[in-house]
Amino acid sequence: MLLSTCRGSSRKTRAFSRALVAYLEAHYLSRGKRSLSELFKIASEDDGRLVLVGERMGVPSKLTFYRDGVELFWFSFTCPSIEGVVERRALPIVIKGEGVLYECLKDFFGQGSPVDCECCKTLKVGADQLALYACDDEVATLKLRGLGGV
């Protein structure tokens, strides 16, 4: 999975993106002047998945998910401050919750039935938030503002 930012991203957006990359165990690529087509080509060399971090007024505010060059869905959020450094450990990602965003994330990450594990990274989807946990410790909570493309 490849994660990149919008063009001309702010320092805060790049820091958020790097923390998210560590959490998701993805590859980070600074967008620079690359077109979406170029990003899709680079993502296809891995598994074809791309997450693009968008911003509003210099603050990360949107995640758009692509697979094989096709936009699957997006959600907008208010940005949290991600405290400290997210450890880059190989742990399974488990998605919990219900609703449309839950189904979209479950399909994107290729998760079938829920996995039980002692220490894993968990995305907990609520009606108005997405909470990221690592081994039951909260890493960040994104307050959801909108969902589209589904």
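Analyst: A helix here is a DSSP run of H or I, at least four residues long, numbered from the N terminus. Keep in mind that this is a predicted model.

User: Which helix holds both Lys 106 and Glu 103, and how many residues apart are they?

Analyst: General idea first. An α-helix has 3.6 residues a turn, so residues three or four places apart point the same way. Now the case. Lys 106 and Glu 103 both sit in α3 (residues 100-108), 3 residues apart, or about one turn. They form a salt bridge, with the closest N and O atoms 3.5 Å apart. The cut-off for such a pair is 4 Å.

User: How many salt bridges does a search of the whole structure find?

Analyst: The search finds 3. One of them joins the side chains of Lys 121 and Glu 25, at 3.0 Å from N to O. Lys 121 lies in strand β7 (residues 121-125), while Glu 25 lies in the loop between α1 (11-24) and β2 (27-29), so the pair ties together parts 96 residues apart in sequence. Lys 121 is buried, with a relative accessible area of 2%. Glu 25 is partly exposed, at 30%.

User: What about Arg 49 and Asp 47?

Analyst: Their side chains also meet in a salt bridge, 2.8 Å from N to O. Arg 49 is buried at 15%. Asp 47 counts as partly exposed at 33%.

User: On to the sheet. In what order do the strands run?

Analyst: Strands of a sheet pair through backbone hydrogen bonds, either parallel or antiparallel. Here 9 strands make an open sheet, ordered β2-β1-β3-β4-β5-β9-β8-β7-β6, with mixed pairing. The edges are β2 and β6 (93-97); each has a single partner strand, so one side of each lacks a neighbour in the sheet. Neighbouring strands are turned by 30° against each other on average, direction ignored.

User: In what sense do β4 and β5 pair?

Analyst: β4 (residues 59-67) and β5 (residues 70-78) pair in the antiparallel sense, over 6 bridges. Take Thr 64: its bridge partner in β5 is Trp 74.

User: Which strands do the helices lie across?

Analyst: Read the contacts, then the angle. α1 lies across β1 (2-5), β2, β3 (49-56), β4, β5, β6, β7, β8 (129-134) and β9 (137-148), and runs at about 45° to β4. α3 lies across β3, β4, β5, β6, β7, β8 and β9, and runs at about 130° to β5.

User: How many cavities of 30 Å³ or more are there, and how much space lies in the largest?

Analyst: A cavity is space where a 1.4 Å probe fits but cannot get out. The whole structure has 2 cavities of 30 Å³ or more.

User: Which residues line the largest cavity?

Analyst: The lining is Leu 20, Leu 24, Leu 63, Phe 65, Phe 75, Leu 105, Phe 109, Leu 123, Leu 130, Leu 132 and Leu 142. Sort them by element next.

Key:
Residues are numbered from 1 along each chain as its sequence is written. This is a predicted model: local features need pLDDT of at least 70, side-chain atom pairs count only at pLDDT 80 or more; totals for chains, interfaces and linings use all residues. Side-chain values use heavy atoms; hydrogens and water are left out. Helices (H or I, at least four residues) and strands (E, at least two) are DSSP runs, numbered from the N terminus. Buried means under 20% relative accessible area, exposed over 50%, partly exposed in between (1.4 Å probe, protein chains only). Two strands pair if DSSP finds at least two bridges between them. Axes are lines fitted to C-alpha atoms, for helices over the stretch in contact, and angles run from 0 to 180 degrees between N-to-C directions. Contact means heavy atoms within 4.5 Å. On a 1 Å grid over the protein atoms alone, a cavity is a set of points where a 1.4 Å probe fits but cannot get out, and a pocket is an open set with protein on both sides within 12 Å along at least five of seven lines; lining residues have an atom within 4 Å of a point. Grid points are joined across faces, edges and corners, and a volume is the space filled by probe spheres set on the points.
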